[in-house]
Amino acid sequence: MPRTRPIALVLGLLACFGNRSQAAASDPDPQVTAIRCGYLLAEPGSPPIANAIVIVEGDTVRAVVGDPAQIPQNAHVVDLSDQFVLPGLIDCHVHLAMEFTPDVRLRELQDSDADRAITALANARKTLLAGFTTVRDLGSSGDAVFAVRDAINNGRVSGPRILSAGEAVTPTGGHGDNTNGFREDIFEQPTPMDGVADGADPCRAAVRNQVKRGADCIKLTATGGVLSNIGAGIEQQMFEDELRAVVETAHLLGKRAAAHAHGARGIKAAVRAGVDSIEHGTFLDDEAIELMRQHGIYLVPTILAGKTVEANAGIPGYYPAPVAAKARAVGPVIQSAFGRAYKGGVKIAFGTDAGVSAHGINALEFVYMTEAGMPNAEAIVSATTSAAYLCGIQDTAGRIKPGMAADIIATSASPLDDITELQRVTFVMRGGEIVKKDGASLLRP
Ligand SMILES: [Zn+2]
């Protein structure tokens, strides 16, 4: 958008001098766009509207109208009258600065924060072109993702809206301790600045440090995890006073707390400590489902991650032995856990854990969600309005209505009928900037 401002300024100046010619008045203003939609799903969960027109001004939706006569004269018209238009998608769980491959541990030793920032930007743009106009990054080492987020927010590069957790808060040897399994002289002992903390006070310091460096939300590892190179299982790994310290400090500072949790005991402890979401929820039992429902805690399912690690664990040497063992335990049950949670009335917000899987294939998660019994319409709600609520951006993103960010995508047929349409997004507008049209990227290099 910034590159278009000077033209708008010139038009504004002409108008000020009172000699704006007739030709200039009818020239399209690059700040005003009218999108003619075949169908518009303005409010996911409600029926789509036929032949609606979305008026965008700058980075914001100004109006949704039905009569072509209401298109402003100076609008640049985008014809999506044979397309299905919906709000930009939101993935509540990604790791932009990495992508797991067998050489991931070698890259831990080689990559600088600068390398990671370049990686994160490339992955963010792949994700944007796949129709995800907002992502929540739940744990990346160093400052890389903050730098990418800020560059996008400042208009220096195009990309999705990024909410970043910084470093996950984790105990020594926990799922978020990036030094697990390395020779002891390679990395310095991690500290609360790196998110590693044992005991309630260091947990408070770890949260405060992430907020100090710019975190939008807080990630904590309530249980062990699959891809950390340590044979400590996937059950609870933080004490209740540590969980409470993390959540209370996050909430004190106005941030949401997202708990990575696989084992049922760890899930329940995290829910009782007041977290805002359970990420993964692999071994949810009936009691955990009921607790989450009662407390209105979101589940972010990440079925795609479970399927990915299960498949990779079958490739000899792909993962270290402790990781492969955990992957074989989690993969086969994560989809049915999601299905039971959904049927048990738990609130669902879309998330993939992309970075475990390849970036840009995030919409495959919809297929797994609907296979497990969630109707297409509700799966779309989970990635728009519900995800916006979990991320605290419900007044900005997740719907197409006046005052909301102009984050708009399209598919060539209705994803309400065929959810795989979301894997073939044809059009992406992010903050009023068209970055994909007719299926082709328009991103500035
Ligand atoms: Zn994750």
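Q: In this predicted model, how many residues of domain 1 are in contact with how many of domain 2?
A: The protein splits into domain 1, made of 2-87 + 402-441, and domain 2, spanning 89-391. Taken over C-alpha atoms, their centres sit 33 Å apart. Counting contacts across the boundary gives 26 residues of domain 1 against 24 residues of domain 2.

Q: Which residues of domain 1 lose the most area to domain 2?
A: Between them, the two domains bury about 1900 Å², with 67% of it on carbon and sulfur atoms. On the domain 1 side, 31% of the buried area comes from three residues together. Those three are I419, L422 and R430.

Q: Which residue stands opposite R161 in β8?
A: Strand β8 covers residues 161-164, and R161 points the same way as L163, while I162 and S164 point the other way; all are buried. The partner strand is β7 (residues 132-137), which runs parallel to β8 and is joined to it by four bridges. The residue standing opposite R161 is T134.

Q: Which helix makes a β-α-β unit with β7 and β8?
A: The two strands run parallel. Together with a helix at residues 144-153 they make a right-handed unit, and that helix is α5.

Terms used
Residues are numbered from 1 along each chain as its sequence is written. This is a predicted model: local features need pLDDT of at least 70, side-chain atom pairs count only at pLDDT 80 or more; totals for chains, interfaces and linings use all residues. Side-chain values use heavy atoms; hydrogens and water are left out. Buried means under 20% relative accessible area, exposed over 50%, partly exposed in between (1.4 Å probe, protein chains only). Two strands pair if DSSP finds at least two bridges between them. A crossover is right-handed if, with the strands pointing away from the viewer, the path from the first strand over the helix to the second runs clockwise. Domain bounds come from an automatic or database domain assignment. Contact means heavy atoms within 4.5 Å. Buried area is the accessible area (1.4 Å probe) that two parts lose on being put together, summed over both.
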